[in-house]
Amino acid sequence: PDPDGILCSKPNIRVDKWITCVRLLGSSVEFEVTLNLRSACVPAIFTRQSYLCSIARHPSDSGGSSAMFSRTPAFASFPSSTIPCLKDNYAYLLHDTKTDTIGVVDPSESVPVVDVLNRKRKKLNYILNTHHHYDHTGGNMELKAKYGAMVIGSRIDKDRIPGIDIALSDGETWMFAGHKALVIETPGHTRGHICFYFPGSKAIFSGDTLFSLSCGKLFEGNAAQMLSSLAKLVAFPDDTRIFCGHEYTLSNAKFALSIEPKNEALEAYAAEVSQLRNKGIPTIPTTLGTEKACNPFLRTDSPEIRQILNIPSSATDAEALSVIRKAKDNW
């Protein structure tokens, strides 16, 4: 290890080499990480957590030293690649390896998605939108024009989602290759917001409804609607993975600690988040279990939160959520 605690797994790697690390969860792949390093070291967070690493020249590598990061949560034959977009957005590439079907969730811009598809030598079949905001749909039309991809979104928002082909409502299912996606209407951030739940993969693409340690701003809805929407999501198993639309976790952690400083689970998670972000690593996916233990918007009954924010014990959970949301907006 070097003085900064970075563990060097291969001392002779040049910067024009790509390092792919795959973490195993039992007998299946949990996620993979691809790094083009400026040095010959793999971050210790990988080597200490049972990742398998291989060294190979990336197909599109020109030998430059610019850094690239991809964290790929994988679900057997249904992996999902995280694609950073704009300042802090995430799009997610879905790939059914049996049929080679490709989808992307919430492409805020087309270029990063096209770059990933070119590297993988794949074409896009579907675009899934959680809501109509431009930072989630901005890439729709260019991607649709380039690949002929079909756009899937909310029936409520069918007039606001660019290029929509398939409009779905709450409780409907849509099949991505052989993978069932359940549509969950989650108004609050917008009136037509939906989430996509893949039960076979235990994954929710939550857009701007549920973030790690926060929830979406109430642009078109109210606190009661958001509370109801969050309740739908937290009803799923604790090991369900949450893929949200933004990398807000570090800032969210600081706010959460300011209103629940004695929460030991939150304190530990905040330290992990800080370590990940210091290394440029996404904090997403999170899990429902982590969010239930740490996310103040799922902890409206916390006596400590209520005391610090002067929320009466008689206040409803919706009233408490409204106070927490306003405090976060002004933080």
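I began with the helix pair: A223, A224, M226, L227 and L230 in α5 meet D317, A318, L321 and S322 in α10. A contact here means heavy atoms within 4.5 Å. I sorted the residues of this contact into 7 nonpolar, 1 polar and 1 charged. For that sorting, Ala, Val, Leu, Ile, Met, Phe, Trp, Tyr, Cys and Pro count as nonpolar, Asp, Glu, Lys and Arg as charged, and the others, Gly among them, as polar.

I then looked up the geometry: α5 and α10 (residues 317–329) pack at about 105°, with axes 8 Å apart. That makes α5 roughly perpendicular to α10 (65 to 115 degrees counts as such). Axes are lines fitted to C-alpha atoms, for helices over the stretch in contact, and angles run from 0 to 180 degrees between N-to-C directions.

A note on the source: this is a predicted model, where local features need pLDDT of at least 70 and side-chain atom pairs count only at pLDDT 80 or more, while totals for chains, interfaces and linings use all residues. Residues are numbered from 1 along each chain as its sequence is written, and side-chain values use heavy atoms, with hydrogens and water left out.

I checked confidence next: pLDDT (the predictor's confidence in each residue, from 0 to 100) averages 82, and 76% of the residues score at least 70. Over residues 1–77 the pLDDT is below 50, though this stretch has 168 contacts in the model beyond near neighbours in sequence.

On to the sheet: I found 6 strands in an open, mixed arrangement, ordered β11-β12-β13-β14-β17-β18. β11 (173–176) and β18 (286–287) are at the edges with a single partner strand each, so one side of each has no neighbour in the sheet. Strands pair if DSSP finds at least two bridges between them; helices (H or I, at least four residues) and strands (E, at least two) are DSSP runs, numbered from the N terminus. β13 and β14 run antiparallel, joined by 3 bridges, and F196 has F205 as its bridge partner in β14. Helix α5 also turns up here, lying across β12, β13 and β14.

Last, the torsions. Most residues other than glycine have a negative phi, and most peptide bonds are trans. I noted K202, in the loop between β13 and β14, with phi near 50°. R121, between α2 and β8, has phi near 55°. R121 counts as exposed at 64% relative accessibility, and K202 as partly exposed at 34% (buried is under 20% relative accessible area, exposed over 50%, partly exposed in between; 1.4 Å probe, protein chains only). The I284 to P285 peptide bond is cis, with omega near 15°.

How values were computed. Parallel < 35°, antiparallel > 145°, perpendicular 65-115°, else oblique.
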